[in-house]
Amino acid sequence: MSLMTVKDLEKLQAILSENGHDYQLELENGKIIVMGPSDIVSSEIGALLIRLLGNWVYPHRLGRLFDSAGGFIMPDTNLKAPDVSFVRASRLLQTPRYFGQLVPDLVVEIKSQSDRINTLEKKVKKFLELGAVVGILIDPDESTVTVYRLTGEPIVLNNEDILTIPELFPGWELPVSELWPPIFTEEETRI
């Protein structure tokens with residue numbers, strides 16, 4: 001079987017779309033990977049992070065944020081879609097109506113119930129090797145946020161810690177505890 005390309009993936013997506021199917025696909029080493037849906041805890045964490053980052057990024061006009069549906073063509077010709085990603089404004093003046101053809105400056109992977117930590121760590125490290133500035137792995141099962149940079153050891157943050165990314169978001173701070181979905185009391189749910 002020959003290796004698939006981004007053009008092959010686009011053709012497959014068009015066929016699937018014409019038949020009423022909406023699958024999220026990635027391309028890795030010439031193989032098309034069908035991405036399953038995340039559990040809703042992981043999805044909610046991604047939505048919270050995008051909102052909390054967006055409240056800082058867009059007023060300061062620092063760049064653009066993307067969710068897990070945003071695909072990027074990597075220098076190694078793979079097509080990847082991190083759970084959350086950020087690209088500095090200076091690198092993407094206008095969003096194209098196509099895949100991003102660059103490596104995001106920030107990539108975030110959020111562990112779903114079915115994910116393996118080792119696989120996600122490799123994915124984050126690969127983004128860094130290809131040019132990402134910061135990679136983050138969020139593990140809801142352990143309530144940890146691990147921050148990766150190309151040099152140095154990963155930094156593991158817990159609920160008591162503050163997440164900062166000064167090289168991309170000067171002045172921004174996020175208590176790790178704010179990433180986790182809230183638990184509502186019965187009193188709060190009464191209208």
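This is a predicted model: local features need pLDDT of at least 70, side-chain atom pairs count only at pLDDT 80 or more; totals for chains, interfaces and linings use all residues.

1. Glu109 sits in strand 7. Leaving aside neighbours within four places in sequence, its contacts are Ala81, Pro82, Asp83, Leu120, Lys123, Val124, Phe127, Ile136, Leu137 and Ile138. Please look at this residue in the viewer before reading on.

2. Now the overall make-up. The chain has four helices and 12 strands. Of its 191 residues, 40% count as buried. Take the contacts in the chain with a separation of 6 or more: residues 24 or more positions apart account for 52% of them. The accessible surface comes to about 11400 Å². Carbon and sulfur atoms hold 53% of that surface.

3. Six strands form an open sheet, in the order 3-6-7-8-9-10, with mixed pairing. Which strands stand at the edges? They are strand 3 (63-66) and strand 10 (155-157). Each has a single partner strand, so one side of each is left without a neighbour in the sheet. Direction ignored, neighbouring strands are turned by 15 degrees against each other on average.

4. Two helices deserve a look against this sheet. Helix 2 (residues 40-57) packs on the sheet and touches strand 3, strand 6 (84-88), strand 7 (106-110) and strand 8. Its direction makes about 170 degrees with that of strand 3. Helix 3 (residues 117-130) lies across strand 7, strand 8 and strand 9. Helix 3 runs at about 165 degrees to strand 8.

5. Strand 8 covers residues 134-139 and strand 9 covers residues 144-148. The two run antiparallel and are joined by five bridges. Asp139 has Thr144 in strand 9 as its bridge partner. Four residues lie between the strands. In this hairpin, Ser143 takes a positive phi near 55 degrees.

6. Strand 9 also forms a hairpin with strand 10. This pairing is antiparallel, over three bridges. Val147 stands opposite Ile155 in strand 10. Six residues lie between these strands. Gly152, in the turn, has a positive phi of about 90 degrees.

7. How many residues of strand 9 are buried? Five of its five residues are, and the strand is mostly covered. In a regular strand, side chains alternate between the two faces of the sheet. Thr144, Thr146 and Tyr148 are on one side of strand 9, and Val145 and Val147 are on the other. Both faces are covered, and these residues are all buried.

8. The largest nonpolar core has 26 residues. Those with the most contacts inside it are Leu106, Ile136, Ile138, Val145, Leu163, Ile165 and Phe169. Helix 2, strand 6, strand 7, strand 8 and strand 9 each supply at least two residues of this core. Helix 2 gives the most, with five residues. A second, separate core has 15 residues, including Met74, Val103, Leu120 and Ala132. Leu120 is also one of the contacts of Glu109.

9. Last, the aromatic residues. The structure holds four aromatic pairs. One of them is Phe86 with Phe169: edge-to-face, 4.7 Å centre to centre, with 70 degrees between the planes. What does this pair tie together? Phe86 lies in strand 6, and Phe169 in the loop between strand 11 (162-163) and strand 12 (174-175), so the pair links parts that are 83 residues apart in sequence. Phe86 has 0% relative accessibility and therefore counts as buried. Phe169, at 0% relative accessibility, counts as buried too.

10. Phe169 has another ring partner. Phe169 and Trp172 form an edge-to-face pair, 5.8 Å centre to centre, with 70 degrees between the planes. Trp172 is buried, as is Phe169. Phe86, Phe169 and Trp172 form one aromatic cluster. Leaving aside neighbours within four places in sequence, Phe169 is in contact with Leu53, Trp56, Val57, Leu62, Phe86 and Leu106. Both Leu106 and Phe169 are among the residues with the most contacts inside the largest nonpolar core.

Note on methods:
Residues are numbered from 1 along each chain as its sequence is written. Side-chain values use heavy atoms; hydrogens and water are left out. Two strands pair if DSSP finds at least two bridges between them. Axes are lines fitted to C-alpha atoms, for helices over the stretch in contact, and angles run from 0 to 180 degrees between N-to-C directions. Contact means heavy atoms within 4.5 Å. Rings of Phe, Tyr and Trp (its six-membered ring) pair if their centres lie within 6.5 Å; planes under 30 degrees apart count as stacked, over 60 as edge-to-face and the rest as tilted. Buried means under 20% relative accessible area, exposed over 50%, partly exposed in between (1.4 Å probe, protein chains only). Accessible areas come from the Shrake-Rupley method with a 1.4 Å probe; for residues, only the protein chains shown count as cover. A nonpolar core is a set of buried Ala, Val, Leu, Ile, Met, Phe, Trp, Tyr and Cys residues joined through side-chain atoms within 4.5 Å.
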